[in-house]
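Student: Hey, could you walk me through this one? I've not looked at it before.
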Amino acid sequence: MPSEPCVRSEPRVASEPWVRSEPRLAGEPRVASERGASVSGAGNSVSPGRFITLEGIEGAGKSTVAQLAVGWLAARGITARVTREPGGTPLAERVRKIVLERGPEAVSPQAETLLMFAARSIHVENLIRPALARGEWVICDRFTDATRAYQGYGRGLDPAWIEQLALAVHGDLQPDCTLLLDLPVALGLSRARGRSGTAADRFEAEVEEFFERVRTGYLLIAQHNPQRVRVIDASRTLPDVTEQVTRVLESL
Ligand code: T5A
């Protein structure tokens, strides 16, 4: 696991297809500490919000880690909000239903991507940006790295197109830190299928090779963004994963 903490500006790697120089929108701040801050306690210490995302293949443990992180932060007096993508607001959850459910009509990779970004746009505008502006921490189960990994590496869509959509939808809003829960595909799928009592959604019904491409994509994203993305060995026991995650949170 890389040793450096998540920091907010990272070197750009020219060869990485997901990397581009993101222009700042006029008047829009770059990072969480500029976006909003709240005064904590009786003193004048500023407690800016942080935008933390959780990524990984099916069954990696993202929901479990999200709850763990919010509890760890609450014990330290930090208000954190757990949310997820696609979804997170009532309207975005309706889009989630559309994009995940299996139905008689084909959903092209392009349509899938546009639906993901439609949900994200609603989520960013109505939940993520306002929470960060209040100085809250946002723990988000999946964000744009999921589109890069699933629709880009998994479905084979043009990474440049995905970056254009990302820029249009959330400008230069980027996670302050991303925890990539990495584990072998077979283990993730067995955990996900073992837990779920419901029918497989469109993604869960995919073949293992698809998830292998997604996992490889995630690891490449981590490799090219070592300061933002921290890789957690999610194949370990929950206490071990908890320890890895809290070490990262302590560094923020
Ligand atoms: N998608 C999403 C895209 O294609 N593009 C996008 O842009 C976006 C945003 C969303 C789907 O949409 C796709 C990706 C997804 O296919 P989802 O609900 O977010 O779906 O995704 P899932 O990965 O399917 O969520 P899961 O709930 O299945 O997985 P989690 O949250 O990673 O796993 P979790 O925490 O529920 O854990 C699974 C089981 O394992 C146990 C848990 O108790 C649970 O039973 N567990 C462990 N067991 C042993 N050791 C550990 N360390 C464990 N950690 C958890």
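This is a predicted model: local features need pLDDT of at least 70, side-chain atom pairs count only at pLDDT 80 or more; totals for chains, interfaces and linings use all residues.

Student: Switching to the ligand: which residues come nearest?
Tutor: There are 26 residues around the ligand, and the nearest are Gly-61, Ser-63, Tyr-150, Arg-195 and Phe-203.

Student: Which helices supply at least two residues of that shell?
Tutor: Four to look for: H2 (62-74), H5 (144-154), H7 (185-195) and H9 (238-250). H5 gives the largest share, with four residues.

Student: And what's the shell like by class?
Tutor: Ten of its residues are nonpolar, eight are polar and eight are charged.

Student: Back to H5. How do H5 and H8 cross?
Tutor: H8 covers residues 208-224, and its axis comes within 8 Å of the H5 axis, at a crossing angle of roughly 130 degrees.

Student: Why are they called oblique?
Tutor: Angles over 145 degrees would count as roughly antiparallel and 65 to 115 as roughly perpendicular. The angle here is roughly 130 degrees, so H5 and H8 are oblique to each other. Their crossing is right-handed.

Student: Which residues make the contact?
Tutor: On the H5 side, they include Arg-148, Tyr-150 and Tyr-153. From H8, Phe-210, Arg-213 and Tyr-218 are among them. By class, this contact has seven nonpolar, four polar and three charged residues.

Notes. Residues are numbered from 1 along each chain as its sequence is written. A residue is near a molecule or strand if its C-beta atom, placed from the backbone, lies within 6 Å of it. Ala, Val, Leu, Ile, Met, Phe, Trp, Tyr, Cys and Pro count as nonpolar, Asp, Glu, Lys and Arg as charged, and the others, Gly among them, as polar. Axes are lines fitted to C-alpha atoms, for helices over the stretch in contact, and angles run from 0 to 180 degrees between N-to-C directions. Angles under 35 degrees count as roughly parallel, over 145 as roughly antiparallel, 65 to 115 as roughly perpendicular and the rest as oblique. A crossing is left-handed if the near helix is turned anticlockwise from the far one by less than a right angle, and right-handed if clockwise. Two residues are in contact if their C-beta atoms, placed from the backbone, lie within 7 Å.
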